[in-house]
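Hi everyone, thanks for making time.

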Amino acid sequence: MRISLKQAGALLQEAQNIVITAHVNPDGDAIGSSLGVMHYLCSLGKRVRVVIDDDIPSNFAFLNACDIIEKPKVAENGNKEQIDLLLILDTSMDRVGKVTETFSPTRILNIDHHVTNALACPAVYLDADSAATAEIIYQLLRELNAEISKKIAMAIYTGLATDTGFFRFSNTTPFTMRAAADLLECGAEPGIISEAVEAKPFARVVGMAKAIETTELLHDGRLAGIFLDRPAAELLDSTEGLIDALRAIEGTDVSVLLKWKEDGVFRISMRSKKTDVSKVAAAFSGGGHEKAAGCTLRMGFAEAKRTILEALEKAMKSG
Ligand SMILES: [Mn+2]
């Protein structure tokens, strides 16, 4: 059921023992939103943990993310830990891994900005017009008259900045900028955040350069794609930022990155300037936004490449 922001705030205030989670493969918004709301709830004296079923990129060490965020530990006897509230951020329930097997919450609250959210949680606050879940968290804290400490400001600003490509993507609104300005006044340091978030090991920069060399331009240059089979994918420890490099190619509408995950499983990321790629992602049980979405294909490399290219071609024609 969809609820108002006020109702979401009331659910948070009523609960004492709270677990916050976000999607696997966590990004700056998942991590920043989680930590921002955690610091606030801790300041009210509640018992709060952030539990995410994945590794936390070391880029977020400046938020102490790697120390604070725990991985779920499923009990051997299958018993679940009783908690008051599970807060699921930046995704629906389907992408939180083993968190749902670990905790037995009295209530579940889902806050998200993905238009593809399945609305499966009993209480969902969804605002697909928000640039980031962090933007919703900012609004929520202002609604609750929360005092925004420097720690909270740093975390929320990180989510806002990463989901908007540092305030450059089309999801950036006047509200986003006002929220960011307010967060700067609360102590967020944009230089520290951008340096930390964008830092890459040297080997990755070289690996990215090699991957970019394999870029294929299709449909008169309107589609740019990188297709990484197992050997190519294994040379890269992360493909973070690779798709954004494609987005910058003049004349492109759609950028696609196909990457081997395990045998028979390929991860697809898509970005666009015009075409609605969230529909393409949804057709393969993925999700995202109109201009940034992703999905997983379970098939061989050649078939996965053909499948996603056909779907994108169709979407580009109809858009
Ligand atoms: Mn987000």
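This is a predicted model: local features need pLDDT of at least 70, side-chain atom pairs count only at pLDDT 80 or more; totals for chains, interfaces and linings use all residues.

Val37 belongs to helix α2. Setting aside residues up to four places away in sequence, Val37 touches Leu12, Ile20, Leu87, Leu89 and Ile137. For a sense of scale, take Leu184, which is 147 residues from Val37 along the chain: the two C-alpha atoms are separated by 17 Å.

One of those contacts, Leu12, brings us to helix α1, residues 5-14. Which residues of α1 are buried? They are Leu5, Ala8, Gly9, Leu11 and Leu12. Looking down the axis of α1, you'd find these buried residues within an arc of 155°, so they line one face of the helix. There's a general point behind this: an α-helix has 3.6 residues a turn, so residues three or four places apart point the same way. Over on the other side of α1, Lys6 and Glu14 are exposed. And what do the buried residues of α1 pack against? The list is β1 (17-22), α2 (28-43), β3 (81-89), β4, β5 and α5 (133-143).

Now for the metal. Which residues coordinate the manganese ion? Asp29, Asp90 and Asp163 each do it through OD, and His113 through NE2, at 2.1 to 2.3 Å. Written as a sequence pattern, the donors are spaced D-x60-D-x22-H-x49-D. Take His113 and Asp163: this pair links distant parts of the chain, 50 residues apart. His113 is in the loop between β4 (103-112) and β5 (123-126), while Asp163 is in helix α6, residues 150-163. His113 is buried, at a relative accessible area of 1%. Asp163 comes out at 17% relative accessibility; buried means under 20%, so Asp163 counts as buried too.

Staying in helix α6, have a look at Gly159. Gly159 is buried, with 0% relative accessibility. Neighbours within four places in sequence aside, Gly159 is in contact with Gly28, Asp29, Ala132 and Ala134. Asp29, you'll remember, is one of the manganese donors. By contrast, the C-alpha atoms of Gly159 and Val74 are separated by 28 Å, and these two are 85 residues apart along the chain.

Let me zoom out for a moment. How is the chain divided? There's domain 1, covering 5-198, and domain 2, covering 202-318. Their C-alpha centres lie 27 Å apart. Six residues from domain 1 and seven residues from domain 2 take part in the contact.

Last stop: the aromatic rings. How many aromatic pairs does a search of the whole structure find? Three. One of them is Phe266 with Phe301: the ring centres are 5.7 Å apart and the planes are at 50°, so this pair is tilted. Phe266 is in strand β9 (residues 265-272) and Phe301 in helix α13 (residues 301-318), so the pair ties together parts that are 35 residues apart in sequence. Phe266 is buried at 3%, whereas Phe301, at 27% relative accessibility, counts as partly exposed. One more ring to point out is Phe227: the charged end of Lys305 sits over it, 4.7 Å from the ring centre.

That's my tour, so over to you for questions.

Notes
Residues are numbered from 1 along each chain as its sequence is written. Side-chain values use heavy atoms; hydrogens and water are left out. Donors are N, O and S atoms within 2.8 Å of the metal (3.2 Å for Na, K and Ca); water is not among the atoms, so sites may look incomplete. Helices (H or I, at least four residues) and strands (E, at least two) are DSSP runs, numbered from the N terminus. Buried means under 20% relative accessible area, exposed over 50%, partly exposed in between (1.4 Å probe, protein chains only). Rings of Phe, Tyr and Trp (its six-membered ring) pair if their centres lie within 6.5 Å; planes under 30 degrees apart count as stacked, over 60 as edge-to-face and the rest as tilted. A charge sits over a ring if NZ of Lys or CZ of Arg is within 6 Å of the ring centre and within 35 degrees of the ring normal. The arc is that of the directions from the helix axis to the C-beta atoms. Contact means heavy atoms within 4.5 Å. Domain bounds come from an automatic or database domain assignment.
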